[in-house]
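Me: Could you walk me through reading this model, one feature at a time?

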Amino acid sequence: VGGASAGAHLATLATLAQAERAPGRAAAALLLEYPTMHRTQRVDPQLADAVAALPEARRFRADRIAEMYSFYLGNGLTDGGALVVGELPADRLALLPPTIIVNADADELRASGEEFADQLRAAGVPVTERIETGTVHGYLNRPDESASAREQSAATMAHFVSELRRTLSL
């Protein structure tokens, strides 16, 4: 199962729900591309420097992330309502399958992807993660922007395929 950005969050929730409801039919692996998994991101000064020159439309500042989760959760549903994956306890995260994460290089959401990888490892879930150098959030949506964009997209897809083969021993 896989997803990108907010879709990575939803894919993770769906994978977790399947693992809880029908463990014998659980997903074999989880692929996450520049995921957002936390309402509040950890502060990373190096990452802040890397994204400082990006146009506002490509930024994910704390207020934008908070607004996004507010839309997702609805007014007043901060506890007990819709789930935020990065806020789940380790015993629930432990139900997830081996996970492959690719983060964009200059992307504030990279902090969330890296933190989630750490959370999964702490829960005992096998994780591989990679930063696709020279990329910004959403780069897989724009492979025709340039030769470099095509190369970066192809490298990400090749990474997912090789890691899936390794993870599933194909």
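Me: Let's begin with the sheet: in what order do the four strands come, and is the pairing parallel or antiparallel?

Reply: Strands (E, at least two residues) and helices (H or I, at least four) are DSSP runs numbered from the N terminus, and two strands pair if DSSP finds at least two bridges between them. Here four strands make an open sheet, ordered E1-E2-E3-E4, with parallel pairing. From one strand to the next, the twist averages 15°.

Me: Before we go on, what sort of model is this?

Reply: A predicted one: local features need pLDDT of at least 70 and side-chain atom pairs count only at pLDDT 80 or more, while totals for chains, interfaces and linings use all residues. Residues are numbered from 1 along each chain as its sequence is written, and side-chain values use heavy atoms, leaving out hydrogens and water.

Me: How many bridges join E3 and E4?

Reply: Strand E3 (residues 99-106) pairs with E4 in the parallel sense over seven bridges. Ala104, for one, has Glu132 in E4 as its bridge partner. Helix H1 (residues 6-21) packs on the sheet and touches E1 and E2; contact means heavy atoms within 4.5 Å. The direction of H1 makes about 155° with that of E1; axes are lines fitted to C-alpha atoms, for helices over the stretch in contact, and angles run from 0 to 180 degrees between N-to-C directions.

Me: And which residues of H3 are buried?

Reply: Buried means under 20% relative accessible area, exposed over 50%, partly exposed in between (1.4 Å probe, protein chains only). In H3 (residues 62-73), the buried ones are Ile65, Tyr69 and Leu73. They lie on the same side of H3 because they cover an arc of only 65° around the axis, taken from the directions from the helix axis to the C-beta atoms. The face turned away from that buried side carries exposed Asp63 and Phe71. H1 is included in what covers the buried residues.

Me: Which side chain does Thr36 make a polar contact with?

Reply: A polar contact is a pair of N or O atoms within 3.5 Å; within protein, one must be able to donate a hydrogen and the other to accept it, and residues adjacent in sequence count only if both atoms are side-chain atoms. For Thr36, the partner is the side chain of Tyr69, at 3.0 Å. Thr36 sits in the loop between E2 (30-33) and H2 (45-51), and counts as buried because its relative accessibility is 1%.

Methods: The expected span of a helix is 1.5 Å times one less than its number of residues.
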